[in-house]
Amino acid sequence: MERNAMEQLQHEIGAWQRKTFKSATVKSTFAHLAREIIELSKAIRDGSYNEVSGEIADCFHLLFGLAEHYDLNAYIAVKHKFEVNKKRKWKQPDESGVCEHIK
């Protein structure tokens, strides 16, 4: 089976992370992701396109690493979840502007 570009990138990033960060665990990777999300929030608040772009990329790198750890294909997981979300009914935005699905 030929890999799509996203799957290839996921495997490349995962291999690099395993080689570069030998002591990383799922918990440490998730903690790093949490920090990157805070950095993304700050970049969005400050309105810097370049910073937002870099922080989104950092988040994807860490998510790809987690997907690799769990032997998941991130492309398939995201595509499947998108199909699920399209079929859901959604609540009105809350006070933060967040719309959650109706359970």
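This is a predicted model: local features need pLDDT of at least 70, side-chain atom pairs count only at pLDDT 80 or more; totals for chains, interfaces and linings use all residues.
View 1. Cys99 is partly exposed, because its relative accessible area of 38% falls between the limits of 20% and 50%. Cys59, with a relative accessible area of 8%, is buried. A disulfide is a covalent bond between the sulfur atoms of two cysteines, and a search of the whole structure finds 0 disulfides.

**View 2. Helix 1 and its buried side.** Helix 1, made up of the 16 residues 5-20, reaches 22 Å from its first C-alpha to its last, which is close to the 22 Å expected at 1.5 Å a residue. Within helix 1, the residues Glu7, Gln10, Ile13, Gly14 and Gln17 are buried, and they lie on the same side of the helix because they cover an arc of only 130° around its axis. Helix 3 (49-69) and helix 4 (74-87) are among what covers these buried residues.

**View 3. The exposed face and the N-terminal end of helix 1.** On the face of helix 1 turned away from its buried side are the exposed residues Ala5, Glu12 and Lys19. At the N-terminal end, helix 1 is capped by Asn4, which has a side-chain oxygen 3.0 Å from the backbone nitrogen of Met6.

**View 4. Asp71 in the loop between helix 3 and helix 4**. Most residues other than glycine have a negative phi, whereas the phi of Asp71 is positive, near 55°. Asp71 is exposed, with a relative accessible area of 69%.

Methods. Residues are numbered from 1 along each chain as its sequence is written. Side-chain values use heavy atoms; hydrogens and water are left out. Helices (H or I, at least four residues) and strands (E, at least two) are DSSP runs, numbered from the N terminus. The expected span of a helix is 1.5 Å times one less than its number of residues. Buried means under 20% relative accessible area, exposed over 50%, partly exposed in between (1.4 Å probe, protein chains only). The arc is that of the directions from the helix axis to the C-beta atoms. Contact means heavy atoms within 4.5 Å. A polar contact is a pair of N or O atoms within 3.5 Å; within protein, one must be able to donate a hydrogen and the other to accept it, and residues adjacent in sequence count only if both atoms are side-chain atoms. A disulfide is a pair of cysteine sulfur atoms within 2.5 Å.
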